[in-house]
Amino acid sequence: MTEPLLRLTAGREAGGRPRHALLNFATLVLCGLLAGLVVAAAMFPALAASGLAAKAGAESFEALPSELTTTQAPQATEVYAADGKTLISRFFDENRHDVAFGQIAEPMREAIIAAEDHNFYVHKGVDAKGIARAALNNSAGGGKQGASTLTMQFVRMSVTYTAPTYADAVKAGEDNAARKVREARLALQAEKKFSKDEILTRYLNLAPFGHSTYGVYAASQFYFGKQPKDLTIAESALLASLVRSPTYYDPIDPEGKERALERRNWVIGQMVEIKAITAAEGEVAKKEKLVVKGKRPPNGCTVTKPNDWGFFCDYFRRWWLQQEAFGATGYDRERLLHGGGYRVVTTLDPKAQKKARDNVEQYLKTGNKHALMVAAVEPGSGRVRALATNRVFKLDNSANKPSSNPQNSGQRGTYPNTTNPLLTGGSGYQAGSTFKIFTLVAALEKGYPLDYPINAPQRYPSKYHGASGDAACPGTDRWCPGNSSAGLAGMHNAWTAFGKSVNTYFVPLEEQAGAANAVAVAKKLGIRFLSEQDIEMANDRAAADDWGSFTLGVSGTTPLDLANAYATLAADGKHCEPIPVQEIKDIHGKSLDVAKPRCDQAVDREVARAAIDAARCPVGDQSAFGECHGSTSAAAHTAIGHPIAGKTGTTDSHRTASLVVTSRSMAVAGILADPDWPETTANMSHDIVNPAVYETLADIMRGRPQQNFPRPSEAIAYGEQRSIPDVSCQPVDAAKSTLESQGFRVEVNPEPVGSACPAGSVARTEPAGRTIDGGLVVLRTSNGVPDATATAPPAR
């Protein structure tokens, strides 16, 4: 309900401007007559039964409409940080927040009675003497006097709020005899339904006080920056003055301030007259200087303090609008957010948020066209603890710099100001090799142990077709991925391949586990597919099974989803939807279930533990079996000093750079990208994103107890081990036949090695001694020249 409409329904005119005297007199006389009949009916039921009231034109005396007792005026929803004290923002169409009788200072209660209804605690809802007195005064040309009691005004505002349409609301405020009679009738019924204190409280919670503030709580906050229980006599008198006409007596408007002061002092005089205060107290209150703050409360996410909280606030708002618990449609949910009066305690940790923001700013300041985005999620609950980026959450982009995308030259970019959901939505960003974890989990689910060996060449001719250019094997359309350096080629298991990020290990592993299964794992761990193309691929199993590049992270994702996926594995496979709230209470103080974590066992506990054990290698930690040999971000473990797991990710041409690191109690993911130009030709540096991520986790973990990751079973780590027959110095074909007859898979590495065996024969096997049942054995051929420095890989 808009302020002008409420003023309309209040039926008052600023400064007592005169109306047509005859109409006023006739209306008040009629109301006086009817009020007398109403009072009589209340006192003598037999009189009402005689039909005299009906003959006088009044409506029948009926029960108070249920809408007036059950319908709640719109209330502001207040949103707090995880400490339950720090206000993030408020959402409202009408700035109102109901308070109880005891939360309103006594001077405020007395001031409104003194200003509006001296006999409030005496009459039964209609003041017949007051009506007659007002009629005589107004008809005689005296100062304008109202005849409505506080109860009648309460009824009028309630009828307005329960009106189904705008036209009905206007009709409810029409200045005519019928409306006044109906108010009188309902006022009598209201006095039967509610106590005087309840009526006074409801009135003070409904009344408009100007500047889009409704109710005494919002008014005391806006004008004086305090709770209504702390209002002084002078402050109370000023607020009571505003009810008559918030615009005419506006103390913020230079023209209205003098009128407001005069009206305030008049109310103080009335407080003395009804003996609410002493004459001495009144004189002191009148001498108090009129000082108002006029501080508007935050409304929405663009006004959060500090500003970087706006991205989390917006994430919360978007989450709310998706919850069916708040209504069947987005419109219904938004109305409830802006008018339901909820108290929301979010998951935002102010300390974690500050650390994340500080680290982002340290490594890439706001104003840079590239976006450094960091998200923190709590394993086992999905609670989002921080969302930080080097952007200002602001609608105004007039000062933004040009878009970095050459195709959008002349357009403004999204930096430094944007309200785009960079960390939680949009089409996302490629996260590179961080996606290898999904292939590893799919393989573990298929029974492949961590020690599963694959001979990884520098370039691998995959089974996937449709490639072109440098991505294709020469002369074919087969996809032929390679490694970042030639030194990565050779025999690897999951520990070493994940630690060193060996592409040509994970592509054949994906072939064996099934690309569609890797996609399914990503879904289970919380990866949303954001672009239309990715959604189509992920939902078509045949297409997904041919999505070979999926393991290298070509699908768009967000820092939030990436952090949550690794948090799921850190929580022994327990997946929880990312959630921005930890408590929501409705206007009656009832906690809502919608704020509870929503979790399921996404993957087997042993599978999750094994995946985490391999994921300890890339970030400089050590697996439970001591199998980590090589890393891509060893500095992470040094900085954090807690058991951690994670993975770096880099896309083709370094268009994005990513790092995700998780402990048992917190997962942090970061992506460095160009939101305006995803196909940027700039190189995204791990020197920027990596420290921003691991130093954020280090700051969060500081002072927390050490928690190690549970050790996975020997079976899932190594599988069933079998001895490898000694085929040294045998012809290649004979050795291959021997090994295949034992159930091993056999490959031949054509590059010879130094050996005393005859040239062209088998020099050794990789691995040597033992491997898993059905595992891969690579034959190395001899060049016939003994190499004293050559040593075979140790047997396991």
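**View 1. Helix α19 passes helix α26 in a right-handed crossing.** Right-handed here says that the near helix is turned clockwise from the far one by less than a right angle. This is a predicted model, where local features need pLDDT of at least 70, side-chain atom pairs count only at pLDDT 80 or more, and totals for chains, interfaces and linings use all residues. Numbering starts from 1 along each chain as its sequence is written, and side-chain values use heavy atoms, leaving out hydrogens and water. Helices are DSSP runs of H or I with at least four residues, strands are E runs of at least two, and both are numbered from the N terminus. α19 covers residues 436-445 and α26 covers residues 605-615; they pack at about 135°, axes 10 Å apart.

**View 2. Here's where α19 and α26 touch.** On the α19 side look for I437, L440, V441, L444 and E445; they meet V607, A610, A611, A614 and A615 of α26. Contact means heavy atoms within 4.5 Å. The tally for these residues is 9 nonpolar, no polar and 1 charged. Ala, Val, Leu, Ile, Met, Phe, Trp, Tyr, Cys and Pro count as nonpolar, Asp, Glu, Lys and Arg as charged, and the others, Gly among them, as polar.

**View 3. Now for A431, in the loop between β10 (429-430) and α19.** A431 is buried, at 0% relative accessible area (buried is under 20%, with a 1.4 Å probe and protein chains only). Leaving aside residues up to four places away in sequence, A431 touches G553, S555, T557, L562, G649, T651 and S658. A431 and T650 sit 219 residues apart in sequence, yet 6.7 Å apart in space, C-alpha to C-alpha.

Conventions:
Axes are lines fitted to C-alpha atoms, for helices over the stretch in contact, and angles run from 0 to 180 degrees between N-to-C directions. Buried means under 20% relative accessible area, exposed over 50%, partly exposed in between (1.4 Å probe, protein chains only).
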